[in-house]
Amino acid sequence: MRPEDVARAVALYDDGRSVRYIANVMNMARSTTHDAIKRYRETLEYTRRPGSGRPRATNPNEDRYMVLRVLRERNLPATSVAQQFVNMHGRPISAKTVRRRLKASGLISSRPATGPRLLRMHRVERLRFAYYHRDWRNGQWSCVLFTYESRFNLCSPNGRERVWRRRGERFSQCCISENVPYGGGGVMVWAGVCTDARTELVFVENGRLTADRYINECLADHVVPFGQFVGDNFVLMHDNARPHIAHAVGDYLQEVGIHVLPWPARSPDMNPIEHVWGMLGRRVKNRRPRPESLQELRRALGEEWELIPQEDIANQIESMSRRMDAVIQARGGAAERTGTASFLNNNTSEFLTYSPVCNEAVVMKTSEGLCGSRLMKARVDVPVCIVYRLT
C-alpha cells in the first residue's frame with residue numbers, strides 16, 4: 001500500500017471503523033489492510049519496513065565514480081573497474097555489478113566504430129572543407145566525379161554475421177565463421193561515380209597502383225572521357241593517396257584541363273563512393289552460389305557493378321550537404337550521416353571550433369576528457385587556447 005493509503009486506513013480505524021469496512025471502502029484485501037494498520041501501530045510510520053533482501057554493494061557516490069572512470073577511459077573492461085574499486089574502497093564487487101551500474105547510467109558495452117586516426121591538423125582541414133562546401137547545391141555536387149579504390153576478398157567476414165544455434169553448439173562446424181589467411185585472395189578495383197552516371201569498373205591487377213598506372217589505366221581511359229561527357233564544370237575528386245598526389249599526376253591533370261576538388265586527408269566518411277562499395281560488396285556476398293575463385297569474383301563484381309541502380313548512387317551524392325553538416329557538428333571529428341558524433345577527443349582533451357567569418361580554427365584544451373553532462377563544466381576552465389590561421 002502507498003503511504004497515503006495507509007494514512008487513510010489508519011484514520012478510518014481511529015474513527016471506529018472495522019477492518020472489513022475499511023477494506024471494502026478502499027478496495028483492498030482485509031489481510032493487507034490489517035497488516036498496514038498493525039505495522040503503523042508498531043512503528044508509527046506509514047512506510048513499510050526495510051526489506052530483508054541483500055543490501056546494495058555500492059552507494060550513489062561510488063556509482064558515480066564507476067561511471068566517471070569509464071567515461072575517462074572508454075575501453076576499460078568491467079573487471080578492471082571492479083579491481084580498481086577494491087583497491088580504492090577495500091570492498092570486493094563483481095564485474096556484473098559494475099555492468100549493472102553502468103547500464104543504469106545509459107552505458108553499455110558495444111563494438112567500437114572503426115575509422116582513421118584524426119589528428120588536430122586533420123580535424124582543422126575537415127572542418128574548413130565542410131564550412132566551405134556546406135552551401136553547395138545538388139547541382140554543384142552533380143558535376144563532381146567521386147573516385148576511390150577498394151579491395152574485395154573471397155573470404156572476408158565483416159563481423160556482422162550471426163548464426164542460430166542451440167546451447168552447446170558454439171563450436172559446431174555449421175556455426176563457425178571460417179576465415180582464410182589473407183582473405184583467400186582478393187581483387188583491387190577502381191571506379192568513379194557521379195549523380196547521373198558512373199565509370200566502368202577497373203581491375204588493378206599485376207602489382208600495386210602506381211602513378212603511371214593511375215594515369216594510363218584510370219585517368220586517360222576513364223576520367224578524361226567522362227569529363228568531356230559532363231562538361232566544363234567537371235571536377236575530379238580523389239583522396240590524398242600517393243599515386244593520386246604524385247607530381248606526374250598533377251601535371252597530367254593540368255595538361256588535360258581537369259580541376260581537382262581539394263580533399264582533406266583521412267576523410268573516407270565524407271566520400272559517398274564508400275557507401276557504393278558497401279552496396280557492391282553486399283550484392284556480391286548475397287549471390288548464390290557465392291564466388292569460389294578469383295575469376296568468379298571478378299565476374300561477379302563486374303556484373304553487380306552494372307546492376308546497382310543509379311538512383312541509389314544519386315541518393316548518396318545528394319547526401320553531401322548532410323555529410324558537411326555532420327562534420328561541422330562533430331567539430332571536424334569522425335561523423336555519421338545523421339550528424340551524431342562525439343566532438344571531444346578523450347585522448348588529448350581538446351575541443352575544436354571553427355570560425356568561418358575570420359577563417360580561424362580554435363583548439364581549446366579542457367581540464368577533463370569527458371563527454372556528456374560534464375562537458376559543459378569542462379569548457380569553463382580553458383588553460384590553453386591555440387588559434388590556427390587557415391591560409
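# Chat notes on a predicted model

Me: What is the strand order in the open sheet of five strands, and what is the pairing?
Reply: The order is β3-β2-β1-β4-β5, and the pairing is mixed. Strands pair if DSSP finds at least two bridges between them. The strands are DSSP runs (E, at least two residues) and the helices are too (H or I, at least four), numbered from the N terminus.

Me: Which are the edge strands?
Reply: β3 (202-204) and β5 (259-260), each of which pairs on one side only.

Me: Before I go on, what kind of model is this?
Reply: A predicted one: local features need pLDDT of at least 70, side-chain atom pairs count only at pLDDT 80 or more, and totals for chains, interfaces and linings use all residues. Residues are numbered from 1 along each chain as its sequence is written, and side-chain values use heavy atoms, with hydrogens and water left out.

Me: What is the mean pLDDT of the protein chain?
Reply: The mean is 83, and 84% of the residues reach 70 or more. pLDDT is the predictor's confidence in each residue, from 0 to 100.

Me: Where is confidence lowest and where is it highest?
Reply: Lowest in helix α16 (residues 375-378), at a mean of 31, and highest in strand β4 (residues 235-237), at 96. Over residues 337-391 the pLDDT is below 50, although this stretch has 124 contacts in the model beyond near neighbours in sequence. Contact means heavy atoms within 4.5 Å. Where pLDDT is low, the predicted coordinates should not be read in detail.

Me: Back to the sheet. How many bridges join β1 to β2?
Reply: Eight, between β1 (residues 144-153) and β2 (residues 186-193), and the two strands run antiparallel. Asn153 stands opposite Gly186 in β2.

Me: And in what sense do β2 and β3 pair?
Reply: Antiparallel, over three bridges. Trp190 stands opposite Val202 in β3.

Me: How many of the residues of β2 are buried?
Reply: Seven of its eight, so β2 is mostly covered. Buried means under 20% relative accessible area, exposed over 50%, and partly exposed in between (1.4 Å probe, protein chains only).

Me: What about Trp305, buried or exposed?
Reply: Trp305 counts as buried, at 0% relative accessibility. Trp305 is in helix α13. Leaving aside neighbours within four places in sequence, its contacts include Ala191, Gly192 and Val193, as well as Val276, Trp277 and Leu280. Trp305 and Ala191 are 114 residues apart along the chain, with their C-alpha atoms separated by 9.7 Å.

Me: Different topic. At what angle do α5 and α6 cross?
Reply: The axes of α5 (residues 78-89) and α6 (residues 95-104) cross at roughly 105° and come within 8 Å. That makes α5 roughly perpendicular to α6. Angles under 35 degrees count as roughly parallel, over 145 as roughly antiparallel, 65 to 115 as roughly perpendicular and the rest as oblique. Axes are lines fitted to C-alpha atoms, for helices over the stretch in contact, with angles from 0 to 180 degrees between N-to-C directions.

Me: Which residues meet there?
Reply: Ala78, Thr79, Val81 and Ala82 in α5 meet Ala95, Val98 and Arg99 in α6.

Me: Backbone check. Which peptide bond is cis?
Reply: The one from Arg288 to Pro289, with omega near 0°. Pro289 is in the loop between α12 (273-285) and α13 (294-307).

Me: What is the phi of Asn27?
Reply: Positive, about 55°, although Asn27 is not a glycine. Asn27 is exposed, with a relative accessible area of 70%.
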